[in-house]
Amino acid sequence: MKVSLSHLYKSYGPVQALVDVSAEFGPSEVHALLGENGSGKSTLAKVLAGLLVPSAGEFFYDGERHDSVKARSAVAAGVCMVTQEGSLAPELTVGENLLAAELPRRFGKISWSQVRRRAAAALEGFGLDLDPGAKVGALRIDQRQMLEIARALTLEPKVLILDEATSSLTGDQVEALFAALRRLRGAGATIVFISHRLSEVREIADRATVLRDGHLVRVVDDLPGTSDHDLVLSMVGRPPSAFYHKVAVEPGEELLSVQGLRTKRLRGVSLSVARGEVLGVAGLVGSGRTSLAETLFGLWPTDAGEVRVEGGRVRLKGPRQAIQAGLVLVPEDRKRSGLVLGATIGANLSMCRHEEISQRGIIRGRREQLVVDRQFGDLRIKAPGTGTVVANLSGGNQQKVVLGRVLATSPRLMLLDEPARGMDVGAKSDLFQLIGDLVQEGMGVIFISSEIPDLIALADRILVLYEGAVAGEIGRAEASEERLGALITGAHPEPMLAKGPR
Amino acid sequence: MNAQDSTAPPAGLAAAPSNRDRLGHWGRLLLRREYIGVGVVLAIMVVYWSFTQDRFLSGQNIKNVLNTNAILFVLVAGQTVVMINKGIDLSVGSAYILVGVILAALLGSGTPEVLAIALALGLGAVLGLVNGLLIGWLKFDFFVVTLGTLALYRGVGLVYTNGQSKSVAGDAVINFIGNGTILGIPTPIVIAAAVMAVVGFVLRYTIFGRRVYLIGGNEEASRLTGIPIARTRVAVYVISGLLAGLAGIVLSGRLLASNPIGESGIELTVIAAVLLGGVSLSGGAGSLVGSIMGVLFIGVLANGLSLAGISAFWQQIVTGVILVLAVALDTVRRRIGAVKT
């Protein structure tokens with residue numbers, strides 16, 4: 001079935017996730033959607049599947065217009081989506097989940113023998129060795145993902161959307177999936193395929209559409225004739241941010257040294273940060289970048305490794321010990337784990353300094369006001385006063401509150417996890433300016449970001465993580481969007497370029 | 001590359017004017033305080049009954065209302081702390097009955113009165129500590145834990161006494177706590193006022209109180225700033241238990257007996273009062289002032305109905321309706337308030 005989109009827009013409040021996207025996904029094709037995190041791929045996929053209602057734009061199935069596509073009408077039209085989030089019922093069996101859309105019935109009562117038989121047949125057809133009677137909750141994550149794909153396939157969809165559906169699969173499973181996709185394509189279905197792995201895209205996709213910041217930037221018709229380098233450039237290719245000029249700081253003595261850090265998510269990470277230095281950390285979601293920051297802050301148990309702050313060994317026991325050692329974390333999701341949204345700016349700013357602002361457990365109002373006013377003024381938080389409730393601030397000002405709170409502890413090293421997410425250019429340039437000032441005063445910074453231009457603008461060195469290990473480290477002088485992009489997506493950086501078009 | 005990086009958004013996507021701007025002065029005032037809704041209804045009730053019932057505003061009647069609800073005030077103070085911390089203590093009704101039972105037993109076995117009272121308070125704190133350790137330290141669900149201890153504490157009281165009440169009429173201090181006066185004011189009112197003052201101070205002016213709000217507002221963020229979550233949460237339930245113990249002593253004094261089978265369901269009245277006063281189940285917000293209004297609402301309603309000669313059974317219907325209205329108001333308030341300024 002042909003699916004076409006015309007001038008599609010989707011915005012979440014002030015954030016524009018899709019801007020004027022027009023695209024066409026033809027029958028009998030596997031069409032890849034490419035783009036960085038936050039480029040709008042998932043939003044587009046969800047709109048296609050009728051899970052999100054677009055803000056504006058038109059939508060056609062086989063030339064027939066749908067104004068507002070709802071999930072149910074999309075399913076009726078034969079559109080089916082598989083995500084990485086998982087939508088199986090863990091307490092039910094494999095068979096029940098597989099046939100949930102239409103359980104076979106006899107005289108109005110579910111026929112369990114038929115459920116077993118049909119489920120077994122469907123699983124075998126997909127090459128999936130699972131007991132239809134097993135509970136889904138007991139399956140491994142990759143088996144669950146396969147089951148989810150198998151369920152979509154039993155519906156014989158006319159349009160199948162796979163959003164990062166291969167991220168937890170093994171090589172053999174991916175092959176089985178691709179075989180099924182080819183069969184489906186042969187039957188005339190449209191398949192929209194989203195994956196961070198360029199090698200998979202090359203293997204299965206016929207054409208590709210590249211999104212960046214919600215805009216459609218390129219449609220690649222000749223996928224085999226386009227190099228990895230070229231694709232990555234389309235995905236990330238902006239000129240490096242011009243809004244911030246880094247002031248060169250001579251790095252001082254070593255502040256943080258990490259040797260062979262291993263946890264459930266990290267596979268032997270080593271790094272070092274000097275005074276006055278910004279270490280950028282790049283990587284996909286799930287590459288271990290957030291895990292690294294949280295582990296250094298003492299939130300996860302470590303299996304092995306050594307962490308030293310200014311030469312002294314530090315035990316990663318918890319936030320309080322980390323803060324005492326001079327480490328602070330600005331978490332990725334400021335609403336969920338950064339701010340107490342219902343509390344005032346003042347109460348949020350003084351959270352880390354309860355001992356200093358009180359005497360025998362009683363808050364000394366004057367002392368608290370001193371701490372609070374200082375951060376409020378230094379960071380130029382735009383609000384009527386420190387009594388304003390944080391929920392009423394803009395994203396940039398909320399982030400300033402989180403920063404002000406950690407700065408109130410006079411830290412030696414800041415762990416910033418996606419600090420500029422959702423900020424407009426003005427707020428971002430304020431933030432970078434502030435980080436630059438702090439670094440000049442001798443602070444060390446670990447700066448995690450998915451925005452490659454931001455990393456190049458702010459960091460002295462950039463460490464790239466891929467699947468829990470260090471994939472490479474690039475100095476500021478040598479950093480380019482293409483090189484970083486290649487390391488981040490796990491593509492083969494230089495050799496692939498040498499090979500040229502196939 | 002056919003990049004088209006700058007595209008103007010289509011008409012109709014421009015920011016809509018904030019809902020807040022259309023509210024006007026009174027609307028904004030309503031948004032500011034959680035307890036404004038119940039406060040307004042309370043004021044209307046007071047005005048109405050002071051015109052229709054001449055005894056309503058008499059000193060004696062006001063004293064009556066406060067005295068009758070003194071125990072409710074004490075229990076509500078503890079529950080307010082728990083609920084701001086994003087919990088619920090369903091076991092307070094059972095705990096305060098059990099404390100009364102044990103107090104009577106201690107006095108019956110010849111324990112000196114003051115010591116018996118101290119032990120009874122301590123027992124209340126221990127009953128709260130059990131909840132606190134299970135919820136704060138072992139991280140069990142507060143609802144299930146306190147539903148369990150609600151049954152457990154009540155069961156222990158019943159088994160221990162076999163359902164028989166026991167007189168404490170011969171004990172002077174207990175009698176004074178339940179029925180005496182200080183400067184003409186009934187002792188239970190003085191106790192309730194003192195509890196309100198202390199708990200109000202703790203919530204507003206201490207680091208502990210601040211943490212009760214912050215953890216209730218966002219536990220994850222509090223954890224990341226090094227605030228001790230478990231310790232604070234345990235203390236919250238100990239306070240609730242301690243105040244339940246105090247309420248149990250006042251009840252013993254008022255009845256001059258233990259009453260193992262009485263007052264079933266008071267925990268629901270307590271929670272209703274706290275919710276009426278604007279503490280939300282999502283935690284982190286609300287105040288003791290609101291809870292006081294909640295108790296006054298319930299107390300004044302019952303009193304007015306009885307003065308007007310209307311069946312007390314109506315009280316539950318009105319309380320139910322107002323509670324749902326209060327929640328509706330709170331939901332609307334938050335939905336409008338959520339719009340960014």
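**The interface and the sheets of chain A**

Between chain A and chain B an area of about 3100 Å² is buried, and carbon and sulfur atoms give 56% of it. The structure discussed here is a predicted model. The size of an interface is often expressed as the accessible area that is lost when the parts come together. Three residues, His354(A), Ile363(A) and Asn392(A), supply 18% of the area that chain A buries against chain B, more than any other three residues. In terms of residues, the contact takes 46 from chain A and 35 from chain B.

The interface also holds charged and polar pairs. Two salt bridges are counted between chain A and chain B. Glu355(A) forms a salt bridge with Arg211(B), and the closest N and O atoms of this pair are 3.6 Å apart. Nine residue pairs are found in polar contact across the interface of chain A and chain B. Several elements give two or more residues to the side of chain A that touches chain B, among them the strands β1 (3-12), β2 (15-25) and β12 (215-220) and the helix α14 (395-407) of chain A. The largest share of this side, five residues, comes from β12(A). By class, the side of chain A that touches chain B has 23 nonpolar, 14 polar and nine charged residues.

Strands of a sheet pair through backbone hydrogen bonds, and the pairing is either parallel or antiparallel. In chain A, six strands form an open sheet in the order β18-β21-β22-β15-β23-β24, with mixed pairing. Its edge strands are β18 (327-330) and β24 (469-475) of chain A, each of which pairs on one side only. From one strand to the next, the twist averages 20°.

Within this sheet, strand β21 (residues 413-417) and strand β22 (residues 444-448) of chain A pair in the parallel sense over five bridges. Asp417(A) stands opposite Ile448(A) in β22(A). A helix accompanies another part of the sheet: α17 (residues 481-489) of chain A lies across β15 (278-282), β23 (461-466) and β24 of chain A. This helix runs at about 25° to β23(A).

A second open sheet of chain A has four strands in the order β14-β13-β16-β17, with antiparallel pairing. Here the edge strands are β14 (267-274) and β17 (312-313) of chain A, and each pairs on one side only. Strand β13 (residues 254-262) and strand β16 (residues 304-309) of chain A pair in the antiparallel sense over five bridges. Ser257(A) has Arg308(A) as its bridge partner in β16(A). Helix α9 (residues 289-296) of chain A packs on this sheet and touches β13, β14 and β16 of chain A, its direction making about 115° with that of β13(A).

One residue of β16(A) can be followed across two pairings. Leu256(A) stands opposite Val309(A) in β16(A), and Val309(A) stands opposite Gly312(A) in β17(A). Two bridges join β16(A) to β17(A), and these strands run antiparallel. The hairpin of β16(A) and β17(A) has two residues between the strands, and Glu310(A) takes a positive phi near 50° there.

Strand β4 (residues 56-61) of chain A is joined to β1(A) by five bridges, and the two run antiparallel. Ser4(A) has Phe60(A) as its bridge partner in β4(A). β4(A) also pairs with strand β5 (residues 64-65) of chain A in the antiparallel sense, over two bridges. In β5(A), Arg65(A) is the bridge partner of Phe60(A). The hairpin of β4(A) and β5(A) has two residues between the strands, and Asp62(A) takes a positive phi near 50° in this hairpin.

Finally, salt bridges can be considered over the structure as a whole. A search finds 25 of them over all chains. In one of these, Asp228(A) pairs with Arg202(A), the closest N and O atoms being 2.8 Å apart. Asp228(A) belongs to helix α8 (residues 228-236) of chain A and Arg202(A) to helix α7 (residues 198-204) of chain A, so the pair ties together parts that are 26 residues apart in sequence.

Key. Residues numbered from 1 in each chain as written. Chains lettered and ligands numbered in written order. Predicted model: local features only at pLDDT ≥ 70, side-chain atom pairs only at ≥ 80, totals over all residues. Heavy atoms only, no water. Pairing = 2+ DSSP bridges. Axes fitted to C-alpha atoms, helices over the stretch in contact; angles between N-to-C directions. Contact = heavy atoms within 4.5 Å. Buried area = accessible area lost by both parts, 1.4 Å probe. Salt bridge = Lys/Arg side-chain N within 4 Å of Asp/Glu carboxyl O. Polar contact = N/O pair within 3.5 Å; in protein donor to acceptor, adjacent residues only side chain to side chain. Nonpolar A, V, L, I, M, F, W, Y, C, P; charged D, E, K, R; others polar.
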